[in-house]
Every structure is written in C-alpha cells, then in structure tokens.
Amino acid sequence: MQRVSQMIVTAEENWTAHYNRGNPDDQYLRGMFCRVGNLLDDAKRLLDQTFAEVVDEGVLTKNMGGRYALHGREFTSGQTLEYLDQNDNGVRWKLSRIEHNGHDYYLVADRNLPLKGLHVRVKYIPL
C-alpha cells in the first residue's frame, strides 16, 4: 500500500510530465489515482490504529476547565479515542473523535452518548 501511495504522490508532484492537461482521459486517470491514494492513506491510518499499543484506559471525567480527561490527559477537538460500546450485539471498542458544538464536547460516532463516565482507551500511534 505504501509503495502504491508513494508512486501516486511522486506522479502528482510532477503531474504535467505524466498527464496531458487537455486530455479528459488523462485528467480522469489523475483524479482516480488521487482518490485511490486517499483511500490507501485512510486504510493505513485504520490499520495503524487497529494494531497500536493501548497506553491508557479508564473512565472519562469532566475537569474544572470544562474538558473531558482521562488520568489528567485532556481531550480537545479532533483528538481520537476508542470507547466501549455496549448494545444488543454485545460489547466492543469503537473508534471516534472528540469535537465541540459550542456548548460541550461530544463523540462524532454518537453525539448523544454522555462523555462523563464513559469507558475509553487511548492508543499510541507513532508518526
């Protein structure tokens, strides 16, 4: 995946050498290769997340600053975490990210799920 992604990036850096600006088929290929590259990048991020080491796990609390925290680690908009989802199908970890709606923070995967008291875990993903 990384090799194909890198080939697409390399071709895009000097795209005029690989694609004719006036040829709709070339421009179609260029656009499709960019989409494939983006999907490969997404797949790599998901695989990295899946196999990353869990570095902290516990229950979220809301601190005095209005942010949710786990053992002193504050979460702000855009940060990812995994939360324990319990439903009729059983229990599983789900990936989501924290965002803010102007009043409070929420999980993108389930906006109505209360964050206070939610069982979460954080993984270390090297850059």
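This is a predicted model: local features need pLDDT of at least 70, side-chain atom pairs count only at pLDDT 80 or more; totals for chains, interfaces and linings use all residues.
Biologist: What radius of gyration does the protein chain have?

Modeller: The protein chain has 20 Å, while a compact globule of 127 residues would have a value near 14 Å. That radius is taken over C-alpha atoms, and the globule rule is 2.2 Å times the number of residues to the power 0.38. The C-alpha atoms fill a box of roughly 60 × 30 × 30 Å along the principal axes.

Biologist: What share of the residues is buried?

Modeller: Buried residues are 27% of the 127 in the protein chain. Here buried means under 20% relative accessible area, exposed means over 50%, and partly exposed is in between, with a 1.4 Å probe and protein chains only.

Biologist: Switching topic: which residues touch the most other members of the largest nonpolar core?

Modeller: L60 and L115 do, in a core of 13 residues. At least two core residues come from each of β3 (68-70), β5 (80-87), β7 (105-107) and β8 (119-124). A nonpolar core here is a set of buried Ala, Val, Leu, Ile, Met, Phe, Trp, Tyr and Cys residues joined through side-chain atoms within 4.5 Å.

Biologist: What does L115 touch, not counting residues up to four places away in sequence?

Modeller: With those left out, L115 touches L60, Y68, I98, Y105, Y106 and L107. A contact means heavy atoms within 4.5 Å.

Biologist: Y68 is on that list. Where does Y68 lie?

Modeller: Y68 lies in strand β3. Y68 counts as buried because its relative accessibility is 6%. Beyond its neighbours within four places in sequence, Y68 is in contact with L60, T61, K62, R73, E74, F75, D104, Y105, L115 and K116.

Biologist: Now the helices. Where is Q49 found, and why does Q49 count as buried?

Modeller: Q49 is found in helix α2 (residues 24-51). Q49 counts as buried because its relative accessibility is 9%. Leaving out residues up to four places away in sequence, Q49 touches T80, E82, L95, K123 and I125.

Biologist: What about Q2, buried or exposed?

Modeller: Q2 counts as exposed, because it has 56% relative accessibility. Q2 is found in helix α1 (residues 2-13). Q2 and L40 are 38 residues apart in sequence, and C-alpha to C-alpha they are 7.8 Å apart in space.

Biologist: And H71, what is its phi?

Modeller: H71 has a positive phi of about 50 degrees, although it is not a glycine. H71 sits in the loop between β3 and β4 (73-75). H71 counts as exposed because its relative accessibility is 60%.

Biologist: Where is K94 found, then?

Modeller: K94 is found in strand β6 (residues 90-100). K94 is partly exposed, because its relative accessible area is 23%. Setting aside neighbours within four places in sequence, K94 is in contact with L81, E82, Y83 and D85. K94 and A109 are 15 residues apart in sequence and 8.3 Å apart in space, C-alpha to C-alpha.

Biologist: Last one: which residues does L113 contact, leaving aside its neighbours within four places in sequence?

Modeller: L113 is in contact with Y83, L107 and L118 once those neighbours are left aside. L113 is found in the loop between β7 and β8. With a relative accessible area of 24%, L113 is partly exposed.

How values were computed:
Residues are numbered from 1 along each chain as its sequence is written. Side-chain values use heavy atoms; hydrogens and water are left out. Helices (H or I, at least four residues) and strands (E, at least two) are DSSP runs, numbered from the N terminus.
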